[in-house]
Amino acid sequence: MTLYLVRHGETAFNRDGQGLGRKDVPLTERGLAQAEAVAGRFATVKVTRVLSSPLTRALTLAGLVAARHQLQPEVMESLTELDIGETDGMSFAEMRGRFPDFLKTWASDDGWQARMPGGESIEDLGRRVEPLAQELLRGSVGDVVVVSHNFTLRVLICQMLGLSPARFRSFEMGLAAVTSLWVRDGRAGVHSVNDSCHLSNLNLA
């Protein structure tokens with residue numbers, strides 16, 4: 001089985017440099033074009049399942065991929081983005097002004113255990129995502145596409161590869177980028193990371 005991990009396309013929050021966690025904001029026009037490009041990238045892949053976060057920005061992209069294969073996205077609450085609490089919608093400058101102590105801890109080696117103000121930590125997210133990682137490691141008939149979010153996908157990659165969620169900063173997940181893993185006999189390895197070649201014709205990469 002090949003597992004494809006896909007981040008949603010652009011939203012106004014991404015465009016404007018605002019923190020984005022559980023707020024359910026739609027894709028921008030540019031984000032929709034990115035989502036269409038992702039769906040095109042999977043047109044010739046034998047996709048048998050499409051799993052998605054319930055948030056609109058991910059589910060929209062997942063729906064476009066699934067439609068290419070006469071499938072329906074399987075909505076999974078565990079794929080929702082990290083709950084960033086009070087910082088949802090804030091600029092980095094606002095966060096620095098209101099939560100300087102948190103940001104100092106977040107940037108440290110122990111940052112993965114620091115809970116966002118009023119939200120989750122990466123450690124919490126790891127516990128939430130782990131059952132899905134174990135399910136995916138058991139494999140599937142055909143290839144699987146997972147559409148989710150920046151922190152959630154980073155943590156899922158760590159768990160698929162047997163790494164601690166503390167290593168979440170080891171991976172980049174660009175908007176509408178695809179990371180692919182092979183899965184066999186309960187193990188996973190990397191085919192590609194943060195691939196955005198499918199966006200090149202849109203001049204959006």
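Close-up 1. R49 counts as partly exposed at 21% relative accessibility, where buried means under 20% relative accessible area, exposed over 50% and partly exposed in between (1.4 Å probe, protein chains only). E135 is likewise partly exposed, at 26%. The side chains of R49 and E135 form a salt bridge (3.1 Å, N to O), defined as a side-chain nitrogen of Lys or Arg within 4 Å of a carboxyl oxygen of Asp or Glu. The model is predicted: local features need pLDDT of at least 70, side-chain atom pairs count only at pLDDT 80 or more, and totals for chains, interfaces and linings use all residues. Residues are numbered from 1 along each chain as its sequence is written, and side-chain values use heavy atoms, with hydrogens and water left out.

**Close-up 2. The salt bridge between R30 and E10.** The side chains of R30 and E10 meet at 3.3 Å, N to O. R30 is partly exposed, with a relative accessible area of 38%, whereas E10 is buried at 7%.

**Close-up 3. A network of salt bridges around D124.** R115, E123, D124 and R127 are linked in this network. Within it, D124 pairs with R115 (2.7 Å, N to O); D124 is buried, with a relative accessible area of 13%.

**Close-up 4. The buried residue D143.** D143 is buried yet has no salt bridge, and R41, the nearest side chain of opposite charge, is 8.5 Å away (Lys and Arg count as positive, Asp and Glu as negative; His and the chain ends are not counted). Beyond its neighbours within four places in sequence, D143 is in contact (heavy atoms within 4.5 Å) with residues including M1, Y4, K46 and R49.
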